[in-house]
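Here's a quick walk through this model, from its overall layout down to a few individual residues. Have the structure open and follow along.

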Amino acid sequence: GGHLLEVRDLHVEFRTNEGVARVINGVSYHLDAGETLAVLGESGSGKSVTAQAIMGILDSPPAHVRSGQILYQGRDLLALPEEQRRQVRGKEIAMIFQDALSALNPVFPVGWQIGETLRQREGMSRADARRRAIELMDLVKIPAAARRIGDYPHQFSGGMRQRVMIAMALALNPKVLIADEPTTALDVTVQAQIMDLLADLRRDLGMAMILITHDLGVVAGVADRIAVMYAGRIVEHADVRSLYRAPAHPYTKGLLESIPRLDVRGQELSTIKGLPPNLMAIPSGCPFHPRCPYVQKVCVDVVPHDLVLGDGRTSACHFAQEVRDDSAR
Ligand code: SF4
Ligand code: MG
């Protein structure tokens with residue numbers, strides 16, 4: 001215990017007419033006050049579903065939590081009565097999404113939407129909620145906040161709409177902010193601005209942050225630790241520096257090798273061969289084995305468990321040490 005937030009051995013499946021998709025297969029991670037954990041993976045790796053389970057916004061059915069715990073300050077959110085869970089959600093743990101346009105209501109001014117949480121959950125008066133909405137818009141660096149509070153979502157650029165959504169998420173002073181692909185829909189310059197903003201807010205407000213992304217390029221300057229997900233499992237978990245210096249899982253190594261480097265001209269970018277796994281028929285043994293350049297016979301037969309590499313690093317690979325040593329060369 002002792003962690004602010006801890007996911008323990010979570011298993012989630014989707015039950016559909018075509019079969020059962022095992023989307024989360026024993027995920028565990030933790031978050032301490034004030035730190036940033038990046039959760040990295042391809043689409044379908046389970047990174048968003050884990051966050052949705054934390055927020056209690058899994059669609060159910062077909063999403064079904066088979067087992068596991070989600071501890072917030074030591075209390076299991078999955079076992080709390082709905083009323084107490086609602087207290088935690090939004091207030092203690094808030095979430096922002098990739099698509100600000102569909103998360104915002106097109107028919108209400110942004111200031112009203114930011115203030116709504118405060119009126120509804122804190123019983124704030126309209127005037128106080130309006131004042132606080134302007135403060136929050138200032139906080140997320142929307143220029144001329146007091147003048148723009150009555151504008152509608154479509155009157156803002158994509159980056160400014162993302163700032164509005166961040167302001168809404170911060171309204172109740174959460175201790176944890178979950179950002180699910182917060183910059184994916186934005187162009188590169190704006191992406192950097194939003195990542196800078198999130199890093200500043202995390203520091204200034206003393207929040208902890210879970211940053212969910214498929215883009216290893218955006219996490220380097222922001223995250224303390226990285227959990228890499230594949231087929232609903234965490235395959236590698238490390239502090240950012242060690243992971244960049246010498247990835248210890250072939251999947252992470254492949255992801256790193258497919259990031260363009262500014263300092264190497266004319267390089268051949270390698271991409272990971274093959275397709276993401278079918279979650280209704282996850283490969284035997286190591287789920288990554290059909291795509292892995294290091295694959296051996298044992299990988300097809302035996303599920304690799306976390307190998308502890310020191311400094312809190314783990315890699316779910318039978319050959320984690322060899323891969324790390326190979327990466328470091
Ligand atoms: Fe590759 Fe085998 Fe390691 Fe899986 S266990 S990542 S197949 S080397
Ligand atoms: Mg997602």
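## Domains

Domain bounds here come from an automatic or database domain assignment. On that basis the protein chain splits into domain 1 (5-92 + 174-328) and domain 2 (101-173), and their C-alpha centres are 30 Å apart. Before going on, a word on the ground rules: this is a predicted model, where local features need pLDDT of at least 70, side-chain atom pairs count only at pLDDT 80 or more, and totals for chains, interfaces and linings use all residues. Residues are numbered from 1 along each chain as its sequence is written, while chains are lettered from A and ligands numbered from 1 in the order in which they are written.

Where the domains meet, 11 residues of domain 1 are in contact with 11 residues of domain 2 (contact means C-beta atoms, placed from the backbone, within 7 Å). On the domain 1 side, helix H8 (residues 188-205) gives the largest share, four residues. Helices (H or I, at least four residues) and strands (E, at least two) are DSSP runs, numbered from the N terminus.

Now for the strands. Eight of them form an open, mixed sheet in the order S6-S7-S8-S3-S9-S10-S12-S11, where two strands pair if DSSP finds at least two bridges between them. Strand S6 (93-96) and strand S11 (307-310) are the edges, each pairing on one side only. H7 lies across S6 and S7, and runs at about 170° to S6 (axes are lines fitted to C-alpha atoms, for helices over the stretch in contact, and angles run from 0 to 180 degrees between N-to-C directions).

S3 pairs with strand S8 (residues 208-213) in the parallel sense over five bridges, with Leu211 as the bridge partner of Ala38. Strand S9 (residues 225-230) also runs parallel to S3, joined by four bridges, and Leu40 sits opposite Val228 there. S10 and strand S12 (residues 313-315), on the other hand, are antiparallel and share two bridges; Glu236 stands opposite Ser315.

## Buried pieces

How enclosed is strand S3 (residues 36-40)? Five of its five residues are buried, so S3 is largely enclosed by the rest of the structure. Buried means 20 or more other C-beta atoms within 10 Å of the residue's own, exposed means 12 or fewer, and partly exposed is in between, with C-beta atoms placed from the backbone. Thr36, Ala38 and Leu40 cover one side and Leu37 and Val39 the other.

Helix H11 (residues 250-257) has Pro250, Tyr251, Thr252, Lys253 and Leu255 buried. Those residues pack against several elements, including S9 and helix H13 (320-328).

Ligand 1 is surrounded by 13 residues, the closest being Cys286, Cys292, Tyr294, Cys299 and Cys317 (near means a C-beta atom, placed from the backbone, within 6 Å). By class, that shell has 10 nonpolar, three polar and no charged residues.

Two non-glycine residues are worth a look for phi. Asn173 has a positive phi near 50° and lies in the loop between helix H7 (158-170) and strand S7 (176-180). Asn173 counts as exposed because it has 11 C-beta neighbours inside 10 Å. Glu181 also has a positive phi, about 50°, and is found in the loop between S7 and H8. With 19 C-beta neighbours inside 10 Å, Glu181 counts as partly exposed.

Conventions: Nonpolar A, V, L, I, M, F, W, Y, C, P; charged D, E, K, R; others polar. Contact = placed C-beta atoms within 7 Å.
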